[in-house]
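Work through the exercises below with the sequence and the 3D structure side by side. Each task is followed by a solution in steps.

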Amino acid sequence: MNEKRVVFSGIQPSGDFTLGNYLGAVQNWVRDQAEKINYFCIVDLHTLTVPQDPVQLRERTRSLAAILLAAGIDPDKCTLFIQSHVTAHAEASWLLNCITPLGWLYRMTQFKDKSQKQESVLTGLLDYPVLMAGDIILYDAHEVPVGDDQKQHVELARDIAQRFNHLYEQPFFVVPEPFIPKVGARVMGLDNPSNKMSKSFAHIRGHAVGLLDDPKEIMRSFKRAKTDSGNDIIFSDEPEKAGVNNLLGIYRSITQKTKEAVEADFADARGYGDLKVRVGELVIETFAPIKARYESIMADPAELDKLLARGADQARQVAQPKLDQMKEIMGLVLPR
Ligand code: TRP
């Protein structure tokens with residue numbers, strides 16, 4: 001038995017990779033990757049739950065893999081792979097569909113939100129959390145690092161794992177737990193600090209900052225960031241200070257300093273203008289080396305493919321036997 005904890009993280013290849021993705025997820029993944037057994041999965045099958053342009057989806061999937069490597073995900077320390085390369089995920093989702101009550105899926109708030117915004121709702125959108133449950137429990141993951149918005153889905157994965165264990169009267173799946181990072185969990189939109197920075201709003205100018213954006217564009221977005229009419233550069237829960245709080249939070253998340261140390265850094269700042277420029281500069285500096293590594297990874301597509309094939313092989317070695325056992329438990333005949 002492995003003593004190390006198993007962690008499963010998923011990220012969708014939809015939209016541009018933003019500062020929110022970096023600080024909210026990937027920076028933490030990189031920091032903790034050696035301590036636990038980590039699976040980092042680019043969940044292309046999940047992205048298909050809303051209509052996609054095939055050419056763009058393929059490009060974004062490879063580009064995201066390159067970004068993750070450039071950001072420091074180390075394929076020698078963990079397993080980075082594309083979900084659709086490991087067919088066990090899609091198969092597990094079918095098997096789990098057959099033990100998941102429909103009512104559980106209709107209750108998901110993300111489904112309710114997303115389905116209200118669309119005229120025709122695809123089956124995959126409803127079924128999305130079952131695929132996600134399969135992602136996680138095929139690896140017997142203990143922990144799933146997620147933002148607030150995905151917590152309910154991880155709880156559903158727990159329910160599904162428990163239901164399977166109960167139905168088949170054996171502790172077959174590890175029951176996973178959501179893991180919400182403390183610092184930097186939530187980067188808000190620069191234009192509207194009451195909304196989470198999201199790639200879905202990346203087309204709105206000044207909302208999100210993309211890792212691959214031109215530094216001038218990044219600085220422009222920071223300079224236009226929404227603040228308040230005061231001039232106190234301090235952390236605060238006051239709703240009107242949400243903008244300043246967000247800027248300080250970004251700075252804190254990158255520097256990993258305490259709140260007091262961050263406030264002290266800005267004690268000599270000349271107003272919010274200065275704050276915005278300094279935070280913008282820090283973000284640009286942080287992105288620059290990642291962007292340079294990204295360019296060189298993208299310049300060698302064969303090497304990237306090789307790394308992804310290796311990651312998929314590693315993942316398959318865990319997921320496939322688990323899937324086979326699952327089939328056996330459920331009464332399917334395994335091919336001989
Ligand atoms: N639903 C997650 C999101 O949109 C992505 C995801 C898919 C995921 N499968 C996962 C996250 C498994 C964690 C574990 O953010």
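**Exercise 1.** Describe the fold content and the overall dimensions of the protein chain.

Solution. Start with the secondary structure: the protein chain has 13 helices and five strands, where helices (H or I, at least four residues) and strands (E, at least two) are DSSP runs numbered from the N terminus. Next, its radius of gyration, taken over C-alpha atoms, is 21 Å, close to the 20 Å that the globule rule (2.2 Å times the number of residues to the power 0.38) gives for 336 residues, so the chain is as compact as a globular protein of that length. Finally, the C-alpha trace spans about 70 × 45 × 45 Å along its principal axes.

This is a predicted model, in which local features need pLDDT of at least 70 and side-chain atom pairs pLDDT 80 or more, while totals for chains, interfaces and linings use all residues. Residues are numbered from 1 along each chain as its sequence is written, and side-chain values use heavy atoms, without hydrogens and water.

**Exercise 2.** Find what share of the residues in the protein chain is buried.

**Exercise 3.** Examine helix α8, its length and its buried residues.

Solution. Helix α8 covers residues 151-167 and reaches 24 Å from its first C-alpha to its last, close to the 24 Å expected, that is, 1.5 Å times one less than its number of residues. Its buried residues include Val-154, Leu-156, Ile-160 and Phe-164. After α8 comes Glu-169, with a positive phi near 50°.

Notes
Buried < 20%, exposed > 50% of the residue type's maximum accessible area, 1.4 Å probe, protein only.
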